[in-house]
Each structure stands twice: as C-alpha cells, then as structure tokens.
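Please keep the sequence and the 3D view at hand while reading.

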Amino acid sequence: MSKVDKHILLRHHEIPDIANIKTYQADGGFETFRKVVSTKMDPVELKNIVHDSGLRGRGGAGFPTGLKWKFVDDNNWPHYLVVNADESEPGTFKDREIMEKNPWQFFEGIMVSAYAISANDIYIYLRGEFWELAHVLDEQIELMKKEGLLGKNLFGTEYELNIFTHLGAGAYICGEETALLESLEGKMGQPRVRPPFPPAVGLYAKPTVVNNVETLANVSLIVEKGANWYRKFGTEKSAGTKVFSLSGRVKNPGNYELPLGTPFRELIYEHGGGIIDDRPIKGIMAAGASSSIIVADDKALDTPMDYESVPDVGAQLGSASVIILDDTVDMSWLINKTTHFFKHESCGKCTPCREGAFWMTSLTERIRSKKGTMEDVILLEDVAKNIKGKTLCALGEFSTEAVLSAIERFPDDFDAQVNK
Amino acid sequence: MTEVLEEKTTKLVNLTIDNLEITAPEGTLIVDAAKLAGIDIPVFCYHPKMEPVGMCRMCLVDVGMPMRDRDTGETIMEKGKPKIQFGRELQTGCTVSVSEGMVVVGYTEKVKKGRQDILEFLLSSHPLDCPICDKGGECPLQNLTIGYGSGESRFDLEEKQHLAKHVPLGDLIWLDRERCIQCARCTRFQDEIVDQPVIGFQNRGRKLQIVTFSEPGFDSYWSGNTSDICPVGALTTADFRFGARPWEMQASASVCNQCSVNCNITFNTRREAKSGGDLVIKRAMPRQNEEVNEVWLCDKGRFAYTSVKKDDRLTQPLIREGETLVETTWEKALDLVAEKAKEAGKEMVSLVGGRLSNEDYFNINQLTAHLGGKSLLNSEMAGGDLVSQVGLGTGSNIADMGQGDAILIVASDLEEEAPLFWLRVKQAAERGAEVIIANARETRADRFAKYKIRIAFGQETAVILSMAGAKEGIAVEFLADDAKVKAAAKVFSEANNAVIYYGSDGLGLSGSEELSKACAFLLSETKHTGRPNNGLVAVWNKANLQGAWDMGFRPSETLAADLKNAKFAYVVGNDPASKDILEKSLKDTDFVVVQDVRLSETAEIADVVLPAQVYTEREGTYTSAERRVQRFYPAVPAPEMTKPDYKITAKIAKRLDLSLEKIAASLVFLDLAEKVADYAELDYVRLAEVTEQWPIIGRDDLFYGGTSYQNTQGLGKQISPAIETETIKYEAFVPSVLSKKDEFLAVPVTTLYDRGSTMLSSEVLQPRIADPYVILNTADAEKLGVEAGVQISVKLNGKTANVTAKLDDSLAKGIVLVPRSMGIPISDPGSITIKAK
Ligand SMILES: Cc1cc2nc3c(=O)[nH]c(=O)nc-3n(C[C@H](O)[C@H](O)[C@H](O)COP(=O)(O)O)c2cc1C
Ligand code: SF4
Ligand code: SF4
Ligand code: SF4
Ligand code: FES
C-alpha cells in the first residue's frame, strides 16, 4: 500500500524515484485501476465515491468533479475524457510538475476516471510549449500498452482504453474547455456557446468530461482510500489538498501542496520564505493574471485559501496561482501587463472582449506613458465595467478583474501617473 | 404565430416579451419568438437560417424565470402572479430558448445600456465610412447606431486600426477589412449552408480577419449570398460595388431564368446619367420564396443580368437583301413573314428555345397549329410529358421533406445543373431524408447521400428499372453494386414520400427519354405519385423547358431533317446554327425567320430577323421544374422598336386570319388557361398571391435577415400533375444499351459556369469562365502521356478542337466528360478521339 505523508499529488517529495514505473508499481501503483477494471466495478459507484469525496475542479472554477461526471449523458455514445493540460494561466505551473514528476499517478488517475465515465478514449490536451513533456508522455503511454494497462480487453475484460496526447498551438483561450474541444477537433480555438455543456455535447458532439490535470491526479487515491479519507484534508466545502503555485516577489517561489484552507500568510511567509528583501507586501493575485488584486492587509493574509473564503476579500481562488506583489509594484504598471496579455489572448469571437481588451490596453498604455489624464482612468474603469457580464466566455471577464480592482483599491498608483 | 414554426414542435409555451403575452413553440429562440410577436431584438451575428453562435452580444435581453420553491418545486406566487427572478447578467436572446413562464425584457435602461455598450465596442474599430459604403442606407450597423449609438466617440480616433479596404476575396466578392465586425455570418453560411468553407477567419483578437482558402479565391457558386447577409458593408459584390446608393433604387420583382429552379429575384434599378438617363439594373437580390429559393441565389443567377448589354441588342426588324440583312419596318417584315408562312402551310416548323415565357410558347404553338406545322423544342432532354403526368404532387415543398422520406437523384450533377435544388435536397438530407444517388461519377451531392450507386454511363435507365423490380433486359452485372441497388430500392419504396430528380448527366435526348419513363414507372410502382412531396422532377438545363412542354412543344430526334425539309422555319429564342449540323440544314430551309434579342448565328443566315424583348423588359410567366408557375415583371424599359415575343407572334397570326391575344401577357395567360387544362385554375391575380413566410425578412429591420427582399409580388402556384385526376399506367420496358465502339466515349455533362452567352457576355462572370476543357480518367491520361492542365486535341462528330485536359481519378476508364456549351458541341454520348500534343 502506498504511503501518503504530506503530499497526495507531489509525492515525489516522499518517493524521489516515483517517476519510474517500477517504483510506482512497487508502491501499489496501478492496483486501483486493475481492481476497478477487473472486478467490473459499477461506474456509478465510482462517480459516487468521487462525488462524496468533495473533490472540486482544480482548473479554476472549482466545480464539483463527481457532479460533473453525473451529468454525462448515458443515452449518447461514445463518451470521451479530455484532460486539460493547457496550463496557460500566467503564474500557474503545477500541472507540469505533476505530469513530469509523478506521471504514473497522473495516468492512473485519468484511467480510473475514464472508466468511471465509461469512456474508452482519453485525450490529453497540452499547451504547445509542452512538446517535450508530450514526447515523454507518449513514450509512457507506449510503455503502458506493453504492460497491458492500455489497449483492448484490459485484464481479460471487455474494457478498452486508449490515451492520446494533443498539442495546442499557443493560445491561452484553448484552456477554456469548449475552445479546447474545438481545437482538438482541428478547428480554430474559440469557445462554444454554453449550454449545452460538454457532458451533454462535447468532443465531436459526444458526451465529454473535461477535467484539469491536478483534479484527476487525485482520483486513484480517492478511489483507493475512500471519500472520507480525502475529506480529512481541507475544509468542509473545499476538501483535499491543492497545489499552490507561488510566484512574484517572494523569496522561495514554487509549487506547494497544502490543504485547502491554509491561510495566505502561511504560504507566503512559511513556505515562500517571505518577501524579497523583506519589503512590505502590497497585493496578492490568487488566480494569476485573471485575478482581482487583493489588498494584502492582515485580514487578507489570515484568509484561508479555499473556494469560499477568498471571495470575502474580493477575489477568487481560481487555479491558485498566487502572485505576490510588494511595494515596488506599481498597479498601473501591473494592469498594463495584464491588459496586454488579454489583448493578445482574446480569441476575438465576441465583441466586448475583442474590442474591449484592445481599448483597455491602449488606455493603460497612455496612462503608463504619463500621457493620460484622470479621465482616461475613469474611462478605463468604465470600459472594463462594460465588458463585464457581456462576454461569451470567462476570458473577457478575467481581463477586467485586475483592472477594476487596481483602480478601486490602489487609487494612489493612478493618481501618480496622470497629469491632473 | 406562423404555422411554419408551429409544425416543428407540438408543445407550446407561454411567456411574455416586453409585457406582451405570447405563445411560442418550445425551443424557439427568444429573438425569433420576439420577431414573430413583432418585437425587434437587434442582432448582428444571428441569422434565422443558421445556428446561433452568440458572438456579437448585441441581442442582450433581461431574462426572468418563475421562482420555484426548492423543496416542493412549486412556483412561488406573489400577488396572485408567479414571482419572477431575473438573472444577474443580461442574456443573449439568440442563444436562449423560450420556456414556460419566462419573462423577457428588452426596454429597460439596463438592457438599452448593454446594447449601447456593445455598439460602442463595435464602433471603436469601425471606420464609419457610411457616405461611401455600399451598405449605407440598408446597413444594420448604421441603423442600430442611430437607434443605440452615442453621438460621440470615446475611443481615440488616432488609435483606430487601419486595414486593407479593397481585398478581392475572389472575382465576385470584395472585402473591406476595416468594416468587418467579425460576426462570422459569411463563414458560417459557406460552412453550414453550402458545405464549402472556402473562407474563414485567420488570427485572433482584434486581428481576426476573413481570408479565403481556395484557389481561385472564394471558389463557390454561392458567394453573393454572403454579401446579402453581411450586416455591414464589408462584403460587396463586383457588380454593385460603388455602383449606386440603396435609396436611389427601385425594386422590381422577377424570376431567375438561368435554370429550371426559377429562383425569385428582385432587380434594383436606377435611372442614371452614365447610361444616357435610362433606367438600368444595378443588382439582383434574392426575393424570399421559402418553397423555391428561400433567401438565396446562386452566383450565376445573381450576376446573369450583367450579360444583357444595350449595344449588342437587336433593335430593328431586318430583312435579307442578297448577302446582307438590312433594316426594315415592322409592317414590311411581318407581311413578308406571313406571306412565306402561308405558302409553307403544313411545311412550316417553329423551333423554340427554353427561356421563352409560357405566353410566348402558347401563342407560337397556336400559330403553328393553325398552319398545321410542327412545334419543336431545341432541347436535348426529354420527359416533360411525364413530368406533367407524375410531377410533384400539389402542395409539394422540399422543405417539408425529412425523416422517413427519400430523394433519388439520377444522372444529375445537381449543383451544376440546378444549384438551388442541390441546396434544398442537402437540407432535406440534414433533416433526415434518405438521399439516393445513381450517377456515373462523383458529384457534390454525394457528400450528403446515404446510398451512392455508382453506375456506368448508359446504365441509368437500367438501374431505375431494376429498382422498380423490372428484370427483363437488365443485366445485373451491369449494375455496379447490386446489394446497394436493392437496399436503395427498399428505402425508396418504403419511404413515406419520395421524389426523383433526373438530369442529363451523360445523356442525350433518347437517353433522357428512356430514363424519364423508367422514373415514372418506379414512382408508380412504389405509389409515390399524386401526393405532396412525391413525384418526378426533370432537372432541365433551361429555365422554362417545362413550360414549353406544357404548351405543346416537343424536342425532335430528327431536328436536322425537320429543318432541312421545312419550307419555313420560325426560330424563336434559340440559335440552332451555332451547331454545325443544324446550320447546314437551315441553309436548305427555304425561308428562315429568327425572332431574338441578339444577332445570333442563326439570325445571320436568316431571311427575316424580328427584334424581341429580354425578360427583364416585359411581363410573363415561367413554369419551374417543380411545375410552379411564377410571374416576372418588367424591370427596365425595352428598346423602342422591340416587342415581346407573344405580341410579335400575334401580329403574324393576325395576317394569317388567326386572332391571338397581343395586348398584354396577362390576357394571353387567360387564353392559355382556357386551352391548357393544367393551367385552368390560374390567372395573374392568383399568381401574385402571397402568404406569410418564415423567417420574416426584408422589412425595416434589415439586421435580422439581411438585405434579401420580402416577397410581396407573388409566390406563384404549383400545378397539379395529371395523375391526381386520372389513372395512368406505366410499363416496364427493355432499356437500350449504350455501345462503346472506340477507345473513348464522350459524354455530355453540365457545368454551371459554361461558355454560354450569359457567361461570355457578362464582364462580372467572365473571370470565372474556364478555357474549353474535357475531363479524362487519370489512368487513361497517363497512358496517353497527358498531364493535368495541358492542351490536347480532341475529335468529336468530325470536328477537331484544342482543349485543356482535366483529370479525375473517380471517373471510369475510357470515359471523357465533355461539358455542354464549353466550346465543343455535344448533344449525345459518342466516340471521341484524343491526341496528346
Ligand atoms: C480563459 C480560460 C482559460 C482556462 N485555462 C485553463 C487551463 O489552462 N487549464 C485548466 O485546467 N482549465 C482552464 N480553464 C478552465 C476550463 O474551462 C475548465 O473549467 C476546466 O478545465 C475544468 O476542469 P476542472 O473541473 O477539473 O477544473 C480555463 C478557463 C478559461 C475561461
Ligand atoms: S470573451 Fe474573449 S476569449 Fe472569450 S469568446 Fe469572447 S473574445 Fe473569445
Ligand atoms: S465580412 Fe461581414 S459577414 Fe463576414 S464576418 Fe465580417 S461582418 Fe460578418
Ligand atoms: S439556382 Fe437556378 S434559378 Fe436559382 S439563381 Fe441559380 S441559376 Fe437562377
Ligand atoms: S450574440 Fe445574439 S445576435 Fe449576436
């Protein structure tokens, strides 16, 4: 039986050689998958276990994973499992570490998940820059075929399972699940209208579950050890551990797997070693470039990092890519960076995001180059508000978060930029 | 609520839109439900003919739903009414379907503000060059800006992006990149509606741009439609670009006369200085007829009007004096014609083309009968008599066909022969109709056909007879795939409704005559006659061949001899002399009268030439291949001395003591209705009737359906096939066998963009014309040492020509496709010799 110490996902910290399939198997690896398939476990039972565990999507939205699986339309076949390994949110770098360092647990997780939703094909959609990783994954898939873990008639049953990797071509929007599916189908990566959601109409119009790498990497252990075991970690509504990608003005940036509900302060000061040069902390972006900027006061630092508590300080946990901003960071500079990013990444399908991201960027440019006036700041805020709530997908919404929070919460940074 | 929508689902739901209580079928989109109730929700990307995509975000509405008690599931009431909960954000009305108790609000400040915001965003990258934009005056963006836009721009004009404004997407469509609002209507049209995604988006964000992927650019017969539905002036057509402003033009109803679909058209006309103050046609637009062309036109039909030119028109009667034709008066010309006709008596023939109106045919046939002559049709396709017996049942509308129905296409490259039929059958297939294709080669209709029976040229009739259960004379080994034929026959016979489209792919007159008989036999054997959406459609290659048949004209297997032996030939609206063999015969005809609009090759050898009018200059009716009789109206004045054909004929008749109506086409039609039984119920008033159509287009809110025209001038009437009132028996027969004597068999096929007079005379369409070509099997070509695209020499019917070789590996060996009207005259399958050069 595997040992789980501090880590559920980043287990290479305990078992350095876990990326070796022999080591993984010696630790009980693939036993869960074997058991599930060879005993012909009822998929409904698996869905229930995952549902009861309280596991929520780690890709950003925190949607209950088991519930999503239950939406899969059983009157329409085949089903597909799509693993979202697009990991494009600036400041997020957790999925890569999981896939590189603990690959077999990742695979076992997606394989058990595929069985649970009665899918025979898994597509792993990786961001284009992960081509080296994709190559390794391909070799590992070949190895699993040889080991009899993939292919037809697994463990002497009727069950067949295949895994394919697919590389994106460098678009942030392809992390959005429906744009991802379009891209996977060979079309331009632009989001679809939802509803229908992928569990009803997904890849090639078939029922499809799209889940994040980290989400699924939990699944084999949850099935092995049970829902209650998983619930021991984290909070009541945000169960389990989460890999926090810490970056920005901290001494020790990196991935830290901690129970959900760990306060910001612990992440930043204990694990991250505090702020560079021990300067004062100014703001926190909890969900990468898509975040509202949290004013890093004591209340914020003591806020538990879980899906319910972060909104209390005016932000979202999202994918938990925690970017630390100290007093050297000018928020007008920051939003100039984020608006550039969103202008570049807007897919252009819907009007407010396509035009708004462009407009916001030209305004932040003007403000940053000290050519702007207070009216430009007000206009910028208005443009952001006009985008909000009108876009086809969440990217447009994301593009406004930093802008609106910066102007509202850090007015001095703007005052200093504009010639009044 | 229109019936059209109600039929689709049975369940109706009640909701309110802007406080108006309405009932709509479940599943109806909010924008459509509002439209039906007379409430306009502004849209840009939504088009009622395409799937919603929710891109532009213009159609924002506030949507509320009755609140339900979480535990009991019951509706919570407040002051006797359900309590309504509105969503936090506005919703796009084009992506949300109506449901019971829904409350949709479009007039609040919140909604107005939302729409204003979207417009402001759109305008932030729009050039606003309305004063020089073709769409100005009928532009959804312009109209909505006036409705929702703010007076001034908060976007710094210095920061506007500047993009290419004159991008030829193809020969027919120009793109202005600055004006494009990225609504994807054009790309979705090409993809969803016509299955030809030759244009698409490139790049992303604000760099998103329309590009073409095909070579040549925008290679599609449908490109013009994208300009109609483009909600801004980003896509303009080559004919109309910078040609006129919409408000200067008048609209005139017409019917396309390029093929036998008879699409409804609106001509926009304007009086202009550069045309000497004359009223001229500036463009052709689709006129909605949901039973014919919906809101679409093919490009040939759309641009065909550009082929009519003032300078090459006949404007004066001509009379032969020795070697030359000299101008004369109508009196003199008609007197001479009458005198010669009288002399010829029974030995006269009239030979008509396929584009005259029913009124013309009627009068010409009356005159011919009066003299005891022959009424001949210059056509290489037969079967019009059978279509009048077992044509589509009264009340047919292919748009009603779907699940449980079958459509059989035989010997037809449907998109090339009748583009709109292809589109309608495609849509029927998408609704679930089983499409069966029995063709000797691959065509674009194969893509939506469930059963593809690949026959050899010459086996068309045998296949249909075998589907009907006939055995005699049918060599099973002839049939490429017997199991498929059986399966298709079963589907066809068991279908609730079934229609056959037969064309002329690889067939001449005798071949198509046999095929039509076989089709009639199959339909009657399977009882697919005399009911709506059952019956036979002949895919004629001319607009009114069915009308010609109905009025009594017949093609002749012995046309050359008929002409040669005639003392008097009355050639109306066709050019037999363009074929060598007929030219020779005509030289032996004692007296030739040509009645036409241009100096054709036949006119040049005629004794008298009478100047007629183009259909855009006069009134009349056509009968489509589906036997729908439709009116067309004059759009522009005719040259002074010209007359409509029926009138010229009546004037000749008068000199021969036959009184024919000549005052107006409508009066000729009354006579016609009296004498031609199938037309008895009709008159011009009935033909001008309209009923409500869905989607609602072409009213003030051009944003909804594009610039297509609403039909206020008549949807026409479908006439009943004889089998609805009489019993007609069809027998099986032994099909003749097409023997192949030499190495290569040439077969005639149809291509829409041929080298006929419409294409050659239209400057707009000209760039789309191919050089004369034939298509060879790839392996054959290899053997001959012929590569794709090289010049080869072919010899057909004793005539040698140099043509381009095109290759196709799906073609059977030994077969050479020779497109009609492509420079090499061909009427029947026959031997051809090929030499590499
Ligand atoms: C603009 C945008 C980008 C996204 N990028 C990613 C991504 O890179 N990786 C990811 O897992 N989810 C991403 N998501 C979230 C996905 O749409 C989706 O919710 C997620 O893959 C579902 O998996 P989960 O339930 O396991 O989180 C993105 C969403 C949006 C709107
Ligand atoms: S919000 Fe932005 S990224 Fe999302 S669909 Fe609209 S344009 Fe594309
Ligand atoms: S060219 Fe016209 S129809 Fe096409 S995307 Fe642009 S605005 Fe829409
Ligand atoms: S389909 Fe036929 S009738 Fe319709 S526009 Fe084209 S050529 Fe004209
Ligand atoms: S989003 Fe509804 S019309 Fe464009």
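This is a predicted model: local features need pLDDT of at least 70, side-chain atom pairs count only at pLDDT 80 or more; totals for chains, interfaces and linings use all residues.

A residue counts as near a molecule if its C-beta atom, placed from the backbone, lies within 6 Å of that molecule. Residues are numbered from 1 along each chain as its sequence is written, while chains are lettered from A and ligands numbered from 1 in the order in which they are written.

**Two ligand shells**

Around ligand 2 there are 15 residues, and those that come nearest are A:Cys347, A:Cys350, A:Cys353, A:Cys393 and A:Gly396. Two elements of chain A, helix H15 (351-368) and helix H17 (394-409), each give two or more residues to this shell; helices here are DSSP runs of H or I with at least four residues, strands are runs of E with at least two, and both are numbered from the N terminus. Because domain 1 (11-231) and domain 3 (331-415) of chain A both give residues to the shell, ligand 2 lies between them, the domain bounds coming from an automatic or database domain assignment.

Ligand 3 is surrounded by 13 residues, of which the closest are B:Cys180, B:Cys183, B:Cys186, B:Cys230 and B:Ala234. The table sorts residues by class, where Ala, Val, Leu, Ile, Met, Phe, Trp, Tyr, Cys and Pro count as nonpolar, Asp, Glu, Lys and Arg as charged, and the others, Gly among them, as polar.

| Group of residues | Nonpolar | Polar | Charged |
|---|---|---|---|
| Shell around ligand 3 | 11 residues | 1 residue | 1 residue |

**Where the chains touch**

The contact takes 24 residues from chain A and 26 residues from chain B, two residues being in contact if their C-beta atoms, placed from the backbone, lie within 7 Å. On the side of chain A that touches chain B, helix H14 (331-345), H15 and helix H16 (374-387) each supply at least two residues, and H15(A) gives the most, with 9 residues.

**The sheet in chain A**

Four strands of chain A form an open sheet in the order E3-E2-E1-E4, with parallel pairing; two strands pair if DSSP finds at least two bridges between them. The edge strands, E3 (162-167) and E4 (208-212), each pair on one side only. Strand E2 (residues 119-126) is joined to E3(A) by 6 bridges, and A:Asp121 stands opposite A:Asn162 in E3(A).
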